Amino acid sequence: MTAGAGRIWSSAAFGLLYISLYHLSALISEPQETGGLASIFFLPAFVRLLGFLIVEFWIIPALFLASIFLILTGAYDLGPGNGPEMVITAFTSVGGPFGVFIASRIGDLKPSLVNLTPLRLLGLSIGCAGGNVAAHYLSLLAIGFDPPTGHVMATIFLGDLIGTWVIIYLIKIALTVYGRSIRS
């Protein structure tokens, strides 16, 4: 298998993971309510960060296709009609990964899993959440909606950041428990 084919398959797996984590967030609460629990606990945001770290910009089509699937199945309710929802999806599919890219350049961080420390991961996850917020804001302007308030943008930012770190810590806990079970 070539490197390109591996990235395509990995991207497809990330797309499925995004859909799964979205539905897990939906089980927690209504994911699209700005004041709801899932707004400040958006688990799929993890896929934007990890996907970029592993497959780089190949994550963008995976995020877009996963989000289109969620729109067409009625899971996403981002705006009136599928057209505006697809515009928002297109912008936000690029926003998170581009935010990671910008954060890596500003902080002189490697956007990969090599030498990834918790502090570097925090910087990249802040960039990812910030990129998504900026893309969301710009997408609403592009389709002619009123710009969201600072409160809405802060909620989206925190939702992405907290959702990402919840998954990171769940993975850390699982690896710790697994490591202990091997040693026993």
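Residues are numbered from 1 along each chain as its sequence is written, and side-chain values use heavy atoms, with hydrogens and water left out. Because the model is predicted, local features need pLDDT of at least 70 and side-chain atom pairs count only at pLDDT 80 or more, while totals for chains, interfaces and linings use all residues.

**Helix pairs**

Helices are DSSP runs (H or I, at least four residues) numbered from the N terminus, and their axes are lines fitted to C-alpha atoms over the stretch in contact, with angles running from 0 to 180 degrees between N-to-C directions.

| Pair | Axis separation | Angle |
|---|---|---|
| H3 and H4 | 9 Å apart | about 150° |
| H2 and H6 | within 7 Å | roughly 70° |
| H5 and H6 | within 9 Å | roughly 145° |

H3 (residues 59–72) and H4 (residues 82–106) pack at about 150° and are therefore roughly antiparallel to each other, a term used for angles over 145 degrees. Their crossing is right-handed, that is, the near helix is turned clockwise from the far one by less than a right angle. The contact (heavy atoms within 4.5 Å) includes Ile59, Leu63, Phe64 and Ile68 of H3 and Met86, Ala90, Val94 and Pro97 of H4. By class, the contact of H3 with H4 has eleven nonpolar, four polar and one charged residues, where Ala, Val, Leu, Ile, Met, Phe, Trp, Tyr, Cys and Pro count as nonpolar, Asp, Glu, Lys and Arg as charged, and the others, Gly among them, as polar.

H2 and H6, in turn, are therefore roughly perpendicular to each other, the term for angles of 65 to 115 degrees, and their crossing is right-handed. Ala45, Phe46, Arg48 and Leu49 of H2 meet Asp160, Thr164, Ile167, Ile168 and Ile171 of H6.

H5 also passes H6 in a right-handed crossing, with a contact that includes Leu121, Leu122 and Ile126 of H5 and Asp160, Leu161, Thr164 and Ile168 of H6. The residues of this contact divide into 13 nonpolar, five polar and one charged.

**The second largest pocket**

A pocket is an open set of points on a 1 Å grid, where a 1.4 Å probe fits, with protein on both sides within 12 Å along at least five of seven lines, and lining residues have an atom within 4 Å of a point. The second largest pocket has a volume of about 310 Å³, and of the 14 residues that line this pocket, the closest to its centre are Phe46, Leu116, Leu121, Ile168 and Ile171. Helices H2 (45–55), H5 (118–142) and H6 (150–183) are the elements that give two or more residues to the lining, and H6 provides the largest share, six residues. By class, the lining has 13 nonpolar, no polar and one charged residues.

Technical notes:
Angles under 35 degrees count as roughly parallel, over 145 as roughly antiparallel, 65 to 115 as roughly perpendicular and the rest as oblique. Grid points are joined across faces, edges and corners, and a volume is the space filled by probe spheres set on the points.
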